[in-house]
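Dear colleague,

I am handing over the structure below, together with a short account of what was found in it. Please read the notes alongside the coordinates.

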Amino acid sequence: MTDKYTDKDDGFAGLDALFDAARAAPAPLSEDMLDRLTRDALDVQAGFAASPVAPPRRGRLAGLLAAIGGWPAMATLATAGVAGLWIGAMPPAFVETLGLGSATASDTAEDDLYLVDPLPGFVVSLTMGEGS
């Protein structure tokens, strides 16, 4: 056999002739060997087709979890919920000064109407009529 990169004979020239002769005349299989081979193949095929198993059904919680985005999304929702409860139960000082503290200053709902701006950015007098 010659090396295809160096074109040097490595001493296996006789093997090439033997391999070519073996490829030219393959040995025939006996009938007994073919019967055993066929029987073994049919046994293996019967083992594959014996138990078709349906995939397990996915529950409602698993479907909801998959629709949301999996466990990372569920962890994000849980964190946001806990943070919302924490801020709602014990608000920081700057949240109370923004409006929570001033909303509890009066006793009646009529006194708190000044907290609502129906048209922000416009000056509208609601007490004046058409003729005034």
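D32 is partly exposed, its relative accessible area being 46%, where buried means under 20% relative accessible area, exposed means over 50%, and partly exposed lies in between (1.4 Å probe, protein chains only). D32 forms a salt bridge with R36, and the closest N and O atoms of the pair are 3.7 Å apart; the term stands for a side-chain nitrogen of Lys or Arg within 4 Å of a carboxyl oxygen of Asp or Glu. R36 is likewise partly exposed, with a relative accessible area of 40%. Because D32 and R36 are four residues apart in helix 2 (residues 31-48), about one helical turn separates them.

Before going further, please note that this is a predicted model, in which local features need pLDDT of at least 70 and side-chain atom pairs count only at pLDDT 80 or more, while totals for chains, interfaces and linings use all residues. Residues are numbered from 1 along each chain as its sequence is written, and side-chain values use heavy atoms, with hydrogens and water left out.

The structure holds two salt bridges, and besides the pair already described there is one between the side chains of R23 and D20, at 2.9 Å from N to O. R23 and D20 both belong to helix 1 (residues 13-24), where they sit three residues apart, about one turn of the helix. R23 counts as exposed, at 61% relative accessibility, whereas D20 is partly exposed, with a relative accessible area of 46%.

Helix 1 also contains L18, which counts as exposed at 58% relative accessibility. Together with F12, L15 and F19, L18 forms a nonpolar patch on the surface, the four having about 410 Å² of accessible area together. Patches here are made of residues with over 30% relative accessible area and no salt bridge, like charges being joined within 9 Å and nonpolar side chains (Val, Leu, Ile, Met, Phe, Trp, Tyr) within 5 Å. The accessible areas come from the Shrake-Rupley method with a 1.4 Å probe, and for residues only the protein chains shown count as cover.

As for the chain as a whole, there are five helices and zero strands, these being DSSP runs numbered from the N terminus (helices H or I, at least four residues; strands E, at least two). Of the 132 residues in the chain, 2% are buried. The chain exposes about 12100 Å², and carbon and sulfur atoms supply 66% of that area.

With kind regards
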